[in-house]
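Biologist: I'd like to learn how to read a sheet and a core. Could you walk me through both?

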Amino acid sequence: DPLRRARALAQRGRRGRPLAAGGAGAELGMWEQLVWALTSPGQQTVLSGTEFELTIDPMSVDFTGNRRTARAINGSIPGPLLRWREGDTVTLRVRNRLPHDTSIHWHGILGPPGMDGVPLITQPPIAPDTTFTYEFPIRQSGTYWYHSHSGLQEQRGLYGSIVIAPTQEQVKVDQDKVVLLSDWTTDSPDYVINTLKRG
């Protein structure tokens, strides 16, 4: 059956290590153990409006039989889907509850340099137990994503989707679904980067 085949595929990996599937598998109802990342089966957390509270925490996960510490936003991986509207100004208060600095880069968003989320280049890093407020006008529409630009935290789960509605809708659709694909390794992200650069 499809569920059994999907689980068998998820167990195969390079050098015998199991692979983990993210949001797409959960959306299809294939891996019941991944539902922890959702507010309810098949429903990703969605935040919309102009004011947002995002909290970055460490979170223990076990995707592959090896427990690791991930980085979660509002208690989930991926982080909440953020829905904005072109022409609005958004305010995002990001609280860091990690034991080290963090940041959020709004990938592809046309914002002021001080709000771009690249620590020590466009903003100071968000120190532990502090909050940084991002605020910028939305001058575009489309589908984007956000992620950490600090210490390979993106590879540990610190990312999410952004959908920006245009000022005037041009296409009418019955449903709007976002598919966000990612991978997971039980190896350290530093080890993976060093291995990729070795050759």
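Modeller: Gladly! Two strands pair if DSSP finds at least two bridges between them; strands (E, at least two residues) and helices (H or I, at least four) are DSSP runs, numbered from the N terminus. This is a predicted model, where local features need pLDDT of at least 70, side-chain atom pairs count only at pLDDT 80 or more, and totals for chains, interfaces and linings use all residues. Residues are numbered from 1 along each chain as its sequence is written, and side-chain values use heavy atoms, leaving out hydrogens and water.

Biologist: Which residue in S8 is the bridge partner of histidine 105?

Modeller: Histidine 147. Tryptophan 106 stands opposite tyrosine 146 in S8. Strands S6 (residues 105–107) and S8 (residues 142–147) run antiparallel, joined by 3 bridges. On to S9: 6 bridges join S8 to S9, also antiparallel, with tyrosine 144 partnered by isoleucine 162.

Biologist: In what order do the strands form the open sheet?

Modeller: S1-S4-S9-S8-S6, 5 strands with mixed pairing. S1 (46–48) and S6 stand at the edges with a single partner strand each, so one side of each has no neighbour in the sheet.

Biologist: And how do I read a core?

Modeller: A nonpolar core is a set of buried Ala, Val, Leu, Ile, Met, Phe, Trp, Tyr and Cys residues joined through side-chain atoms within 4.5 Å; buried means under 20% relative accessible area (1.4 Å probe, protein chains only). The largest here has 23 residues, and Trp106 is among those with the most contacts inside it. Strands S2 (51–61), S4 (81–85), S5 (89–96), S7 (131–137) and S9 (159–165) each give it two or more residues. Apart from it lies another core, of 9 residues, including Val61 and Trp184.

How values were computed. Buried means under 20% relative accessible area, exposed over 50%, partly exposed in between (1.4 Å probe, protein chains only).
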